[in-house]
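Please look over the sequence and the model shown here before reading on. The paragraphs after it are meant to be read with the structure open.

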Amino acid sequence: MAQLDCTVDSCVYNKSECCCKGDIMVGGKHAHQEDDTCCESFAERRGDSYMSALEHPCKTISIDCEAAKCVYNSNYKCFAQHVDIKGSGAEDCRETLCATFKER
């Protein structure tokens with residue numbers, strides 16, 4: 001499990017830059033750079049949006065990852081010790097990215 005810092009403040013799962021979802025999926029099957037990735041687990045917070053059932057932010061989280069060309073990807077799991085998800089103000093998962101992505 002990776003330590004996750006998430007600055008996607010518009011995501012319903014984000015609480016104090018931590019994720020309340022429990023696990024996330026990073027997309028970017030053909031990624032060559034971090035801009036080609038996204039957090040597919042992103043869900044936009046709208047008004048009174050319901051927070052995750054967990055509602056307990058975690059600093060460590062399980063990360064599934066489609067970015068096969070990332071050095072931290074092994075069998076679609078992320079093995080980085082620290083992961084940064086960026087996308088402040090995002091309205092769609094395509095406006096997020098994995099800033100930890102590093103091409104092999």
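Predicted model: local features only at pLDDT ≥ 70, side-chain atom pairs only at ≥ 80, totals over all residues.

Residues are numbered from 1 along each chain as its sequence is written, and side-chain values use heavy atoms, with hydrogens and water left out.

The protein chain has 10 strands and 0 helices, where helices (H or I, at least four residues) and strands (E, at least two) are DSSP runs numbered from the N terminus. Along the sequence the pattern is β-β-β-β-β-β-β-β-β-β. The radius of gyration of the protein chain is 13 Å, close to the 13 Å given by the globule rule for 104 residues, so the chain is as compact as a globular protein of that length. That radius is taken over C-alpha atoms, and the globule rule is 2.2 Å times the number of residues to the power 0.38. Taken along the principal axes, the C-alpha atoms fill a box of roughly 40 × 25 × 15 Å.

Of the 104 residues in the protein chain, 39% are buried. Buried means under 20% relative accessible area, exposed means over 50%, and partly exposed lies in between (1.4 Å probe, protein chains only). The accessible surface of the protein chain is about 6,000 Å², and carbon and sulfur atoms account for 46% of this surface. Accessible areas come from the Shrake-Rupley method with a 1.4 Å probe, and for residues only the protein chains shown count as cover. A contact means heavy atoms within 4.5 Å. Among contacts in the protein chain between residues at least 6 apart in sequence, 70% join residues at least 24 apart.

Rolling a probe the size of a water molecule over the atoms shows where empty space is left. How many cavities of 30 Å³ or more does a search of the whole structure find? The search finds 2. Here a cavity is a set of points, on a 1 Å grid over the protein atoms alone, where a 1.4 Å probe fits but cannot get out, and lining residues have an atom within 4 Å of a point. Grid points are joined across faces, edges and corners, and a volume is the space filled by probe spheres set on the points.

The largest cavity holds about 100 Å³ of space. Its lining has 14 residues, and those nearest its centre are Cys6, Cys11, Cys19, Ile24 and Cys39. By class, this lining has 10 nonpolar, 3 polar and 1 charged residues. Ala, Val, Leu, Ile, Met, Phe, Trp, Tyr, Cys and Pro count as nonpolar, Asp, Glu, Lys and Arg as charged, and the others, Gly among them, as polar. The second largest cavity holds about 50 Å³. Val26, Cys65, Cys70, Tyr72, Asn73, Cys78, Cys98, Thr100 and Phe101 line this second cavity, and they divide into 7 nonpolar, 2 polar and no charged residues.

Some single residues can now be placed. Met25 lies in strand 4 (residues 23-27) and is partly exposed, at 25% relative accessibility. Leaving out residues up to four places away in sequence, Met25 touches Cys38, Cys39, Glu40, Ser41, Asp64, Cys65 and Glu66. Met25 and Glu66 are 41 residues apart in sequence, yet their C-alpha atoms are 7.6 Å apart.

Asp36 is partly exposed at 35% relative accessibility, and beyond four places in sequence it touches Gly27, Gly28 and Ala31. The C-alpha atoms of Asp36 and His82, 46 residues apart along the chain, are separated by 19 Å.

Is Glu91 buried or exposed? Glu91 is exposed, with a relative accessible area of 55%. Glu91 lies in the loop between strand 9 (82-86) and strand 10 (97-98).

The backbone has two residues to check by phi angle. Most residues other than glycine have a negative phi. Glu17, in the loop between strand 2 (14-15) and strand 3 (18-19), has a positive phi of about 65°. Tyr76, in the loop between strand 7 and strand 8 (77-78), has a positive phi near 65°.

How values were computed. 1 Å grid on protein atoms, 1.4 Å probe; cavity = no way out; pocket = protein on both sides within 12 Å on 5 of 7 lines; lining within 4 Å.
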